Amino acid sequence: MKALVYEGPRQVSVKEVPDARIERPTDVLVRITTTNICGSDLHMYEGRTDFETGRWFGHENLGEVVEVGPGVDKVKVGERVVLPFNISCGFCKNCERGFTNYCLTTQPDPQLAGAAYGFADMGPYQGGQAELLRVPYGDHNCLRLGEDAAERENDYVMVADIFPTGYHATELAGVVPGDSVVIYGAGPVGLMAAYSATIKGAGKVMVVDRHPDRLRLAESIGAIAIDDSKTDPVQAVLEETMGLGADRGCECVGYQAHDPQGSEDPSMTLNNLVKSVRFTGGIGSVGVYVPQDPGGRDELAQQGQVAFDYGLHWFKGQTLGSGQCPVKKYNRRLRDLIAAGKATPSFIVSHELPLEQGPDAYAHFDARDDGWTKVLLKPGLATG
Ligand code: NAD
Ligand code: ZN
């Protein structure tokens with residue numbers, strides 16, 4: 001089969017690799033029809049993780065079941081399924097409590113928890129940026145789609161990761177109807193957080209970034225765009241909230257947060273949130289932070305440490321929730337919102353390309369080039 005193989009920093013190429021196959025009785029084999037490029041792939045693509053060369057990315061996957069192992073009861077050949085980016089067992093101590101983001105069975109390292117397709121430090125599993133994908137514990141991990149699966153494929157594929165992740169940010173922050181919410185980052189995840197806050201009935205949604213194309217998408221769903229290359233984002237939020245600060249805030253950038261000129265500082269968005277969220281407000285942090293970052297700007301960053309403004313955070317009595325999204329907690333409900341015609345998360349999609357154009361797509365998305373807001377790779381799509 002063909003896969004988009006990682007060969008080193010900013011180098012991926014389409015190669016022939018051994019076919020994914022059923023390895024255990026509980027596996028399901030999926031022929032991928034859509035697999036997205038995610039901001040999380042970019043940390044690995046840029047060489048800012050220990051992702052191994054020769055492996056391939058792809059954790060936002062949707063496709064058709066082509067084979068099931070003898071221990072699979074529910075999922076049938078021919079069904080269209082969307083896969084949570086977390087690979088989980090459903091029966092370990094963490095899964096049992098709903099924390100499929102920290103599964104203890106699928107992560108082989110006993111010091112760690114949580115697994116994902118094609119992801120640094122999240123187990124040996126290959127990604128879906130390929131023609132075929134092996135899905136462990138298939139009955140548990142496949143979310144089946146209805147008759148509109150093909151027609152709404154670009155919406156349903158968002159349920160693999162970023163729609164639930166954006167929703168999770170608003171859950172961690174505690175968004176309820178009427179709240180004012182500020183979101184740092186207007187990448188796909190930030191836009192899904194803004195969309196989720198809107199679906200939940202937030203009174204005012206503000207989105208901070210500096211890319212005009214991304215800010216326009218935020219405005220297209222009724223959010224207030226704040227361009228931090230033109231204005232101080234904290235001041236802008238205070239002005240929008242009678243000087244009090246937003247009720248809730250979401251971090252949707254991660255450890256490679258930088259100023260509009262490109263200078264990195266992993267504390268930047270967290271500290272801006274502490275300043276722009278009100279006393280007793282809630283903050284949800286889903287942008288990725290890492291325990292070690294050898295490419296970080298100084299010793300602190302290299303050790304995964306952040307100069308967090310804990311004094312002000314404590315003084316304001318804010319809450320802070322963080323971590324990977326437990327996709328299974330939300331994916332069924334978000335799928336049903338799409339099926340009911342009440343959510344169309346595909347509004348952020350800018351490109352649908354064959355797998356062969358993956359290398360070029362990575363370069364553009366990594367550069368946050370104008371108009372490259374979300375790329376969907378379609379392995380079945382004819383090239384040219
Ligand atoms: P992205 O890189 O496309 O978007 C990030 C955006 O943040 C960019 O538009 C950038 O301009 C903006 N930004 C950078 N510095 C900023 C600052 N100081 N203030 C405001 N905006 C700033 O990525 P994405 O796909 O939207 O993902 C965002 C983050 O979410 C990444 O860290 C990704 O790894 C993470 N993520 C986490 C989960 C999870 O389960 N927790 C799931 C998916 C993605
Ligand atoms: Zn993702």
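UniProt lists residues 25–137 under "domain: Alcohol dehydrogenase-like N-terminal", in an unreviewed entry; UniProt positions follow the numbering used here, feature names are shortened, and annotations may be inferred rather than shown by experiment. The structure is a predicted model, in which local features need pLDDT of at least 70, side-chain atom pairs count only at pLDDT 80 or more, and totals for chains, interfaces and linings use all residues. Residues are numbered from 1 along each chain as its sequence is written, while chains are lettered from A and ligands numbered from 1 in the order in which they are written.

Residues 25–137 are 10% helix and 22% strand, with end C-alpha atoms 9 Å apart. Here helices (H or I, at least four residues) and strands (E, at least two) are DSSP runs, numbered from the N terminus. The feature "domain: Alcohol dehydrogenase-like C-terminal", also from an unreviewed entry in UniProt, is placed at residues 188–257. That span is 41% helix and 23% strand, and its end C-alpha atoms lie 15 Å apart.

Next comes the ligand. Ligand 1 is surrounded by 34 residues, the closest being Gly39, Ser40, Gly185, Gly187 and Gly254; a residue counts as near if its C-beta atom, placed from the backbone, lies within 6 Å. With 4 residues, α1 gives the most to this shell. The shell holds 15 nonpolar, 13 polar and 6 charged residues, where Ala, Val, Leu, Ile, Met, Phe, Trp, Tyr, Cys and Pro count as nonpolar, Asp, Glu, Lys and Arg as charged, and the others, Gly among them, as polar. Because domain 1 (2–161 + 326–377) and domain 2 (162–322) both give residues to the shell, ligand 1 lies between them; these bounds come from an automatic or database domain assignment.

A residue is buried if 20 or more other C-beta atoms lie within 10 Å of its own, exposed if 12 or fewer, and partly exposed in between. After α8 comes Met242, with a positive phi near 55 degrees.

Finally, Ala115 sits in the loop between α2 (93–96) and β6 (132–135). Ala115 is buried, with 27 other C-beta atoms within 10 Å.
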